[in-house]
Amino acid sequence: MQLLCESVGVQFGSRSQPVPVLRDLSFAVGEGEFLTFLGPSGCGKTTLLRVLANLIEPQLGKVTRLPSPGDRNGHVRLVFQENSVFPWMTVLDNAAFGLEMAGVPKADREAQARELLARYHLAEFAHVYPRHLSTGMKQRVAVIRAFLSNPSLLLMDEPFAAVDSQTRFRLQMELLLLWEQQRTTIVFVTHDLDEAILLSDRIIVLTNRPSGIAAEHPVRLPRQDRAAMVGGPEFLDLRRQLSRDLGLPAWDIQHA
Ligand SMILES: Nc1ncnc2c1ncn2[C@@H]1O[C@H](COP(=O)(O)OP(=O)(O)OP(=O)(O)O)[C@@H](O)[C@H]1O
Ligand SMILES: [Mg+2]
């Protein structure tokens, strides 16, 4: 699915005390593209994803979804920053939920869910309820559920923010593998510059609220070598540039 976001403006608050959040935001997302948004806390990244998911109607501008020829189902899935799993369902039922909605028979959907649970190191928790999982484990279940429904557009709001750095790297690699297999269009939000560079085709940096576009960078590092380039000169060049765009202090640019 392709997306076209034209002059989108969103504000909260009352008429007398408006809180403008997004201002005149225009961008396009290509079919199968992995686009990441970086931006200061509270600038409106989650709001933007909610607009793209059609959960919020922008007061100004419009969002157009363009299904591509052969587009699978037109489904849009959003993985939230937190609480993305259903507490009343087991891990297996959560993971298979999208397939159940699509009418996939029980044995088939459970087999597919179990395969991904195993890849995400959750096989032994298949029959456990989410309250017994750590935050990071819950997020993994949410990612599996989103991918299993084979969406045309996947919106991900800091899905790995609560995961420790070693697990995070494994999950990032798994996510790329799934994305390469399914070629879903992904709009991703993170605070983590390395994560943005590692995963994305393109990165858009947002300004402070009300958010507009501060900068935009294609990530030209070859995908097959990217994981090995972390910390290398080209990787650090882009990282420094992103830090400047975000207005991080010089200390952060050198050491973050
Ligand atoms: N439903 C709402 N009603 C009123 N204000 C809201 C609502 N949702 C968000 N806001 C305000 O809009 C601003 C942007 O919030 P949003 O959650 O989109 O930021 P964010 O960039 O995702 O932040 P973070 O990086 O901390 O996740 C904040 O000032 C927030 O208080
Ligand atoms: Mg947010």
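At 17% relative accessibility, Glu174 counts as buried, and this residue forms a salt bridge with Arg119 in which the closest N and O atoms are 3.3 Å apart. The model described here is a predicted one, and it holds nine salt bridges.

- Whereas Glu174 is buried, Arg119 counts as partly exposed, because its relative accessibility is 24%.

**The pair Glu110 and Lys106**

- Glu110 forms a salt bridge with Lys106, and the closest N and O atoms of the two residues are 2.9 Å apart.
- Because the two residues stand four residues apart in helix α3 (residues 106-119), about one helical turn separates Glu110 from Lys106.
- Glu110 counts as buried at 18% relative accessibility, whereas Lys106 counts as exposed at 51%.

- In the salt bridge between Glu216 and Arg202, the closest N and O atoms are 2.7 Å apart.
- Glu216 lies in strand β9 (residues 213-218) and Arg202 in strand β8 (residues 202-206), so this pair ties together parts that are 14 residues apart in sequence.
- Arg202 is buried, with a relative accessible area of 14%, while Glu216 counts as partly exposed at 41% relative accessibility.
- Arg202 and Glu216 also belong, together with Glu33, to a network of linked salt bridges.

**The surroundings of ligand 1**

- Ligand 1 is surrounded by 14 residues, of which the closest are Ser41, Gly42, Lys45, Thr46 and Thr47.
- Sorted by class, this shell has four nonpolar, seven polar and three charged residues, and the largest share of the shell, three residues, comes from helix α1 (residues 45-52).
- Among the contacts of ligand 1, one of its oxygen atoms is 2.5 Å from an N or O atom in the side chain of Thr47, and an oxygen atom is 2.7 Å from an N or O atom in the side chain of Lys45.

Key
Residues are numbered from 1 along each chain as its sequence is written. Chains are lettered from A and ligands numbered from 1 in the order in which they are written. This is a predicted model: local features need pLDDT of at least 70, side-chain atom pairs count only at pLDDT 80 or more; totals for chains, interfaces and linings use all residues. Side-chain values use heavy atoms; hydrogens and water are left out. A residue is near a molecule or strand if one of its heavy atoms lies within 4 Å of it. A polar contact is a pair of N or O atoms within 3.5 Å; within protein, one must be able to donate a hydrogen and the other to accept it, and residues adjacent in sequence count only if both atoms are side-chain atoms. Ala, Val, Leu, Ile, Met, Phe, Trp, Tyr, Cys and Pro count as nonpolar, Asp, Glu, Lys and Arg as charged, and the others, Gly among them, as polar. A salt bridge is a side-chain nitrogen of Lys or Arg within 4 Å of a carboxyl oxygen of Asp or Glu. Buried means under 20% relative accessible area, exposed over 50%, partly exposed in between (1.4 Å probe, protein chains only).
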